[in-house]
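Visitor: I would like to go through this structure term by term, with each label set against its criterion. Could you take me through it in that way?

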Amino acid sequence: MGKLSMAAAILCMALAAFAAANVVEAAVVEHTFVLSDMTSSSKPLKLTRAIYVDSSGSYIHPHVSYVCLFAPNDRPRQVHEMNVTHLCNTTKIYVVNGQFPGPQINVTDGDTVVVHVVNRLDHGLTIHWHGVRQMRSAWADGAGFVTECPIPPGGDHTYRFNVTGQVGTLWWHAHVTCLRATINGAFVIRPKDGRYPFPAPAKDVPIIIGEWWELDLIELDRRMADGNFDDNPLSATINGKLGDLSNCSGRPEESFVLDVEPGQSYLLRIVNTALFSEYYFKVAGHTFTVVGADGNYLTPYRTDMVVVAPGEAIDVLMFADAPPALYHMVALANQPPEPDLQVPLFVSRGIVRYPGVRADNNGLPVAAPLMPDQHNTMPSFYFHNNLTGLAHPARHRVPMHVDERFFITLGLGSICRDGSTKCKRRRSNETIVVATMNNVSFHHPTTTSLLQTYYDGTGKGVYTEDFPDQPPRPYNYTDRDYIPPGPLEEVLEPTFKATKLRRFKYNTSVEIVFQSTALLQSDSNPMHLHGYDFFVLAQGIGNFDPKRDTKKFNYHNPQLRNTVQVPRTGWAAVRFVTDNPGVWYLHCHFEFHIVMGMATAFIVENGPTPETSLPPPPPEYKRCGSN
């Protein structure tokens, strides 16, 4: 250990004694992310206070939970570029602290989180705290060009926010270009009293489902922005491992291994960080009890398969109650069948390992779970539709009146490459295929942030506040004859780019029915709203019928989520109250849909008191152009 690391260790251990004598009910949890390449000579040192030390160098206390950021041999923990070899090819990827996925952030309900980011990459980025409510702290949401401009190369930024009233698994990720494919990690909020409404697990285990891209992620974003969507990842990953179903010249890739003890339970925190796909997840010989999602408890639900869409975080208990052996875990991507455009099969396989079992499984075949067909998307609908919320008196109060209603169609369209309105459609080279909400394809700002311009009162010419509350014309939204290019869909295909937002007064009750369509594709759509949780009242297949389907709304114990998986050629109804002032991004969490424009943003005005208003930008906030 170098002198700097030794000094850091001594200082951290000395401060531990201070923490033991100064226990408080809430804490400031502090992290430093340094974005640089591996040759950087800077050595950031973060002094911390804590009581317990874990094997990673993190110091943990139930109420005081700072992290000591040092590494052996004077190596700082960094977010940087790194060359990694998989499938016989070496690829440059972007990672945090040399890890893919990135480090897990652990906090307690009521803590304040402070993250210092220094950008030494060659391009800008922001860090988004996916699912954190950010009550009165919209400045720290980390949505590029929505709440802030990207941190430029050589710049720095500090995120400071509180987490209160949320318990469970969320996550963090880069929010500019496609970098979230590798710059991501779990964000775990634990209860203040350490008690869960389910049997305490022996261990927490993050299960980060992602993708392995050989193509440079910056180039991927550039190609998609130009309307080229022909690139695909090479494999799925589980905790960064491709698994033994992928191989190079006959040599299988490394698999993620989960060691278990017989009779113990494990809390699997499953997060889908993938850019492209929803995943089915199973472990042979084992079942799960779903207990939470998106930082909220759920009514325990027993199943042998978890379905997790991009942006979702699902908490499940798994009991190690099978005969001692090796068991395969599998993450399999689903996709719509033809005539939708097809992508390769994405799958990763890991191992659940009981003690005393040889690497060859004692000479027996390793059991593998029976997975659904990749083109069968109905298990996703059944899984999500079976989840209900575990009622929380302070939060599970569904607004029974509605002030503003939206019916939002989600689909594709096209714009002419030459900027005109007349060109050959049907996926011709004269058009760029875009994604739409109510036939509007969102134009993302590139020089300023929406929150800054709204707060300064300079939004004229940057955005308008007329996002439509319904599509311009009704049609049979789920008619699959609209999927292939042809004369039927051509009439509906033309659209336009615009930065259309919607403004709400404080404490407005909003209901949104999202309708997935079959226009040029029939994908599902994981819709994520920043700054809010919403009640998922109901989901269905086919066209939403207000006379019939409102009778299905669950007002008793609906899920409270930040991301809702709108089924393939189906619908989902959500409701929330605008109690958090700011500018909040609403978008599909398929990365290609974001780039294509399936997004908007909601402006929520201040309430009548300082406690219901957005404070001025904090001192650490960097205005666009000032960093």
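**Contacts, cores and cross-links**

Guide: Methionine 527 touches Leu410, Met437, Phe514, Phe534, Asn562, Thr563, Val564, Val566, Leu586, His587, Cys588 and Met598, where residues up to four places away in sequence are not counted, and contact here means heavy atoms within 4.5 Å. The model is a predicted one, in which local features need pLDDT of at least 70 and side-chain atom pairs count only at pLDDT 80 or more, while totals for chains, interfaces and linings use all residues. Residues are numbered from 1 along each chain as its sequence is written, and side-chain values use heavy atoms, with hydrogens and water left out.

Visitor: Which residues touch the most other members of the largest nonpolar core?

Guide: They are Trp129, Phe187, Phe514 and Met527, in a core of 83 residues. That core draws at least three residues from each of domain 1 (78–389) and domain 2 (404–612), bounds that come from an automatic or database domain assignment. A second, separate core of 47 residues includes Val308, Ala320, Met329 and Val347. The name nonpolar core is given to a set of buried Ala, Val, Leu, Ile, Met, Phe, Trp, Tyr and Cys residues joined through side-chain atoms within 4.5 Å.

Visitor: Why is histidine 123 called buried?

Guide: Buried means under 20% relative accessible area, exposed over 50%, and partly exposed in between, with a 1.4 Å probe and protein chains only; histidine 123 has 16%, and therefore counts as buried. Histidine 123 lies in the loop between β7 (112–119) and β8 (127–130), strands (E, at least two residues) and helices (H or I, at least four) being DSSP runs numbered from the N terminus. Leaving aside neighbours within four places in sequence, histidine 123 is in contact with Tyr94, Ile151, Pro153, Leu179 and Ile218.

Visitor: What puts the buried residues of helix α2 on the same side?

Guide: In α2 (residues 217–225), Leu217, Leu220, Asp221 and Met224 are buried. They cover an arc of only 95 degrees around the axis, which puts them on the same side of α2, the arc being that of the directions from the helix axis to the C-beta atoms. The buried residues of α2 pack against β5 (89–96) and α7 (591–596).

Visitor: How do you know that cysteine 149 and cysteine 624 form a disulfide?

Guide: A disulfide is a pair of cysteine sulfur atoms within 2.5 Å, and the sulfur atoms of cysteine 149 and cysteine 624 are 2.1 Å apart, so the pair meets the criterion. The torsion about their S-S bond is about 95 degrees, so the disulfide is right-handed. Cysteine 149 lies in the loop between β8 and β9 (156–162) and cysteine 624 in the segment after β37 (599–604), so the pair ties together parts 475 residues apart in sequence.

Visitor: How many disulfides does a search of the whole structure find?

Guide: The search finds three. Another of them joins cysteine 416 to cysteine 423, with S to S 2.1 Å; with -85 degrees about the S-S bond, this link is left-handed, and both cysteine 416 and cysteine 423 are buried. A disulfide also joins cysteine 88 to cysteine 248, with S to S 1.2 Å.

Visitor: Are cysteine 88 and cysteine 248 buried or partly exposed?

Guide: Cysteine 88, at 47% relative accessibility, counts as partly exposed, whereas cysteine 248, at 17%, counts as buried.
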